[in-house]
Amino acid sequence: MKKWLSLLLTAMLVIGMLAACSKDENASKDGEDEKAWTGKITIWDGPRWADAEDNKYHWLESKIEEFEAEHEGVEIELVQVPWAELPDKLGVSIAGQSWPDIAPVDISGSAVSIEHIEQGVIEPVDELFTKDELTDFYDNALDAYTFDGKLYGVPNSLTVHTMLLNLDLFEEAGVEPPANGEWTWDEFVETAKKLTFDRDNDGKTDVYGFSTYILPGYYEAWPFFYINGGSPLNEDLSKFTFTEPEAVEAIQQLADLKLKHDAAPETLGGQDVGGTFQAWANEEQRTVAMQPWATWAISAAQTKFPTNFAVANYPTGSTGEPVTIGGVGGWTMFHQEEAGKKKVVGEFIKYISSTDEQYTMATEYGIFPARKSSADKDPYKDNPEMKRAQEMSSQVVMLPRHPEWKKIDEAIQTELQLVFNGEKTAEQAMKDAEKKVNEFLGE
């Protein structure tokens with residue numbers, strides 16, 4: 001009996017040892033699984049703000065260096081891509097199945113590409129954040145990166161279009177700017193007329209009240225088209241709606257600032273972006289008192305082209321509510337085959353989209369944070385113009401997220417140019433645009 005008990009105890013001891021060994025072995029395997037992935041990550045980015053050596057990629061280079069120091073064996077390659085070339089370069093890389101691991105969404109766009117999502121080349125990133133973490137992002141920023149209930153990218157920054165008023169020209173013409181930067185359409189028109197004047201009494205107009213340009217991919221003029229409740233596509237993106245009376249009226253009345261009221265130069269509705277800005281900001285020119293711009297122009301007017309200016313809402317129309325168009329910049333993760341690499345790629349995206357980094361983006365790059373915690377740090381406490389523009393974030397309406405939007409936009413903008421040239425009425429132009437747009441809507 002004692003011998004039997006001894007054998008039993010020995011057997012139990014052996015089983016325990018084997019179990020312990022097995023546990024240690026499994027722990028070792030788990031440790032191997034949890035061991036950080038090593039290898040190369042490729043990220044594309046466009047130029048941002050310059051350092052003392054005029055290097056516009058220094059911020060991301062420094063973040064890469066910091067991350068690599070904390071993640072032994074991880075190498076991050078930065079590919080510098082001019083913003084204007086980014087969409088086409090991504091298209092080519094996707095066609096050749098040689099996409100980067102991370103790419104930015106240009107702030108001048110509105111959202112992550114649905115086309116890329118449907119092609120299966122962009123990864124959902126919901127697992128990067130807890131529900132509590134996601135509440136730190138503004139809802140409209142998350143909406144811009146959400147499709148079919150999944151998050152396809154990390155919002156990093158927002159921008160809005162605002163009205164910029166050259167206060168020196170207001171003073172020269174003896175015109176008061178709108179109180180608190182708020183006005184109706186009729187008030188805006190009357191202001192534009194008063195700001196149109198002959199400076200040297202030679203019988204020719206030297207200063208005009210308003211100007212902007214019309215060009216595919218640019219939307220400074222478009223908030224004017226929304227002020228009566230109009231929009232280019234209906235809610236489910238199935239119908240072209242710039243043919244509706246509220247949109248047609250808004251388009252025509254903006255063109256009539258030149259065609260009817262003579263309160264805008266012949267260049268209104270042209271394609272000269274740089275020349276338009278120079279006419280407002282360049283001290284040697286300054287022949288236009290009011291222009292709409294994205295928020296990058298505020299920084300330019302404060303530094304490169306010092307201007308005495310104010311920020312105002314777009315005028316309100318029949319809805320009685322101010323409206324503007326904005327963009328949401330951020331980062332997308334392209335399809336990953338390795339779980340370990342995907343985890344590290346996600347960690348880096350979070351690293352460069354943190355509260356502190358979005359605050360830095362705001363103070364240095366002139367955009368608005370997509371995180372509430374970054375905005376709470378009050379990046380524009382000493383910059384009243386940017387602070388005023390940030391208040392307009394709640395007015396932002398995003399552009400339609402149709403997969404064929406680039407082609408739709410080109411069709412609309414081409415017809416808009418004819419309206420501003422006086423070659424077509426807004427009603428006729430939008431009817432003609434509808435024929436082209438319907439081809440992309442599948443009608």
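Here are legends for close-up views of a predicted model.

Local features are taken where pLDDT is at least 70 and side-chain atom pairs where it is 80 or more, while totals for chains, interfaces and linings use all residues. Residues are numbered from 1 along each chain as its sequence is written, and side-chain values use heavy atoms, with hydrogens and water left out.

**View 1. Helix α3 has a buried side and an exposed side.** Helix α3 spans residues 86-95; helices (H or I, at least four residues) and strands (E, at least two) are DSSP runs, numbered from the N terminus. Look for Leu 86, Leu 90, Ser 93 and Ile 94, which are buried. These residues sit on the same side of α3 because they cover an arc of only 100° around the axis, the arc being that of the directions from the helix axis to the C-beta atoms. Asp 88, Val 92 and Ala 95, on the other side, are exposed. Here buried means under 20% relative accessible area, exposed over 50%, and partly exposed in between (1.4 Å probe, protein chains only). The cover over the buried residues includes β1 (39-45), β3 (102-105) and α4 (114-118). After α3 comes Gln 97, with a positive phi near 50°.

**View 2. Phe 348 belongs to the largest nonpolar core.** A nonpolar core is a set of buried Ala, Val, Leu, Ile, Met, Phe, Trp, Tyr and Cys residues joined through side-chain atoms within 4.5 Å. Apart from it lies another core, of 55 residues, including Phe 242 and Leu 254. Leaving aside neighbours within four places in sequence, Phe 348 is in contact (heavy atoms within 4.5 Å) with Ile 43, Leu 60, Lys 63, Ile 64, Phe 67, Ile 76 and Ile 102.

View 3. Gln 253 counts as buried, because its relative accessibility is 14%. Its side chain is joined to that of Trp 185 by a polar contact of 3.5 Å. Such a contact is a pair of N or O atoms within 3.5 Å; within protein, one must be able to donate a hydrogen and the other to accept it, and residues adjacent in sequence count only if both atoms are side-chain atoms.

**View 4. Leu 237 and Asp 378 are loop residues with positive phi.** Leu 237, with phi near 60°, is in the loop between α9 (222-226) and α10 (245-259). Asp 378, with phi of about 55°, is in the loop between α15 (372-375) and α16 (384-390). Leu 237 counts as partly exposed at 22% relative accessibility, and so does Asp 378 at 26%.
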